[in-house]
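Open the model in your viewer and keep the selection panel at hand.

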Amino acid sequence: VLAKVVGDEPPEIVVNRLSRGARTVRRRDANGVETTTTSPGPAGPMPGSLRLSYGGGRYFIRDGMGYLRALREPKASDGEWPKLDLPPRDANSFGGMGASRAVTLSGQVTKSWITVVSSPQAAARTINGRFERTLNADCLVRLTHVDLHGGVGFSGSAELPRATCGEWFVLDDGDLLYAQKLDAWRLPYALEAQAQRDPALAARLAMKKLGGLPVPEPSGESWLNAEKPPRWQDLRGKPVLLVLFDLKQASFLPLVPPLLGFEETYSKQGLAVIGVHANHPRDEVEKKLADERITFPVLIDDGKTAERYGIGFSACLLIDREGRVVSVYKDSLAPPAEIEELLEEENK
């Protein structure tokens, strides 16, 4: 990324580990002997930053707090620079390219992260209409995660190509690369925030956590619509539609009529419908169930169920007869076709 080594000058690496309150500087002399000095640094909640410089500071990489800057020697596609093998793409990868006179930006998905590759323009070729990806790359920038955004758009002028993915971007003129990216430590927080606005993402995240595994047992002490409270182990052997809901949430009310239709139609074919209601006073929940004519067994959550499932309310899980989670839906019910397919498999 930086420049060819000239003489005996080693690069300087500075790491600020803010969460540990330390500043570490590593230097390597002409004989390869490394010295490390550590001094107190500013304490804070962030993991820290990296600064690497060479050539008296003329060439540098500065990476921290979501911002990456790299000032480097321009690369020649036919020079002696080492070729960088690109990581293998994921199955859901995408293509794309933006080029200037000096540099090409291209995109791919690597281990579920959207990655932008910067390389000399002449090294990126189109052969018989097909983009050739053997690139003499300067830099790979891990921009953001595919669960947050679906792909990269390329734009810019002949002097400055740009790759954009939501709020994240890469600019590169061949000398200076500048990027605003998602740091890996921020991913869980970004996913949580996005899932609050995106029901489909919330369902995918819950499915990643629960899919194919034994479903966590709902937790609560008060059952309604059940003379004998159902035990989870007693439900083994039949498919279950587990509904997490709160009748105070307006988003769930349109789902009540189709849910009652599912219960009436598919319970005769062996489907058990079980509900877990948000933690409200028993008499209040009982009245709301009666008002909506909900008669299947409902457990009033003690607060632990929502935490175990990690998807909140207004959601449902389809569970096979072995007690494994087949699918998860947020702000919607499992489609009838999926329920029928599961019942057909169980009957076989």
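What volume does the second largest pocket have? The second largest pocket has a volume of about 250 Å³. This is a predicted model, in which local features need pLDDT of at least 70, side-chain atom pairs count only at pLDDT 80 or more, and totals for chains, interfaces and linings use all residues. Residues are numbered from 1 along each chain as its sequence is written, and side-chain values use heavy atoms, with hydrogens and water left out.

A pocket here is an open set of points on a 1 Å grid over the protein atoms alone, where a 1.4 Å probe fits, with protein on both sides within 12 Å along at least five of seven lines; lining residues have an atom within 4 Å of a point. Points are joined across faces, edges and corners, and the volume is the space filled by probe spheres set on them.

**Second largest pocket**

Select E192, A195, Q196, A202, L205, A206, K209, G310, I311, G312 and K330, which line this pocket. Helix 1 (187-197) and helix 2 (199-210) are the elements giving two or more residues to the lining. Helix 2 gives the most, with 4 residues. (Helices are DSSP runs of H or I, at least four residues; strands are runs of E, at least two; both are numbered from the N terminus.)

**Largest pocket**

Next, select L50, D63, G64, K181 and D183, which lie nearest the centre of the largest pocket among its 23 lining residues. About 420 Å³ of space lies in this pocket. Now colour strand 12 (139-145), one of the elements that give two or more residues to the lining. Strand 12 supplies the largest share, 4 residues.
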